[in-house]
Amino acid sequence: MQILIVEDEIRLAEALGQIMEEQGYQVDMVYDGEDGLNCALTGQYDVIVLDVMLPGKNGFQIVRLLRQAHIKTPVLLLTARDETVDKVTGLDCGADDYMTKPFVPDELLARIRALSRRQGDVVLDEMTFADLSLELSTHSLSCRGKSVHLGYKEYEVLKLFFCNPRMVLSKELLLTKIWGCDSEAADNNVEAYISFLRKKLFFLGSSVEISTVRKVGYRLEVSEP
């Protein structure tokens, strides 16, 4: 599960990030409203933990703009104020839940799990495309009886292609989805992992190729026999 934390109290953000990473979640942290909105608008996160009082745009504004952009990611608002009017405002803006600081970490985690379940995602053990099978629990890629293990980033890149079959994915999109919107990763990182995956597809003898669409990005294609 990918979590975005938008919190201007850096120590609190880091503490929240540590709690969530210990649960096996992938966490991105940003510390102001503008960066928070830009990250949230990518739609890549399963849950957003969002402070109300932020520099730039506040939490209420961010939620409202997300919903106007049809981003349905569940949002848990955090605030130091325990006033009913603030809770009502947040929920009316489109937030899904609300917690007042200070809070118990176990309750926060329970609420995040509940929010992630609301999306109604079907949990799959395997994804397939043409002659390829990707095991989600083991990160194993198989084709006609042969298999290879994918590293974490290789797995995440290929899974994104599987989720968007035959769609062209730009380098910018791959960087944002896989490395995170605040990462310093560059185009050559994407190129390197595409090269790794191409070598593994060749080793497997798959009919699937990752083709380059010049000046646009990459997509999965099935070569003719």
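## A helix across the sheet

Helix α8 (residues 187–204) lies across β7, β8 and β9, and its direction is at about 160° to that of β9. Axes here are lines fitted to C-alpha atoms, for helices over the stretch in contact, with angles from 0 to 180 degrees between N-to-C directions; contact means heavy atoms within 4.5 Å. Helices (H or I, at least four residues) and strands (E, at least two) are DSSP runs, numbered from the N terminus.

This is a predicted model, in which local features need pLDDT of at least 70 and side-chain atom pairs count only at pLDDT 80 or more, while totals for chains, interfaces and linings use all residues. Residues are numbered from 1 along each chain as its sequence is written, and side-chain values use heavy atoms, leaving out hydrogens and water.

## The sheet itself

Let's look at the strands. Four of them form an open antiparallel sheet in the order β6-β7-β8-β9. The edges belong to β6 (126–129) and β9 (146–149), each with a single partner strand, so one side of each has no neighbour in the sheet. From one strand to the next, the twist averages 20°.

Strands β7 (residues 132–135) and β8 (residues 140–143) pair in the antiparallel sense over three bridges; pairing requires at least two DSSP bridges between two strands. L134 has L141 in β8 as its bridge partner.

## The whole chain

In total, the chain has eight helices and eleven strands. Its C-alpha trace spans about 65 × 35 × 30 Å along the principal axes. Of the 225 residues, 44% are buried (under 20% relative accessible area, 1.4 Å probe, protein chains only).

Note on methods:
Buried means under 20% relative accessible area, exposed over 50%, partly exposed in between (1.4 Å probe, protein chains only).
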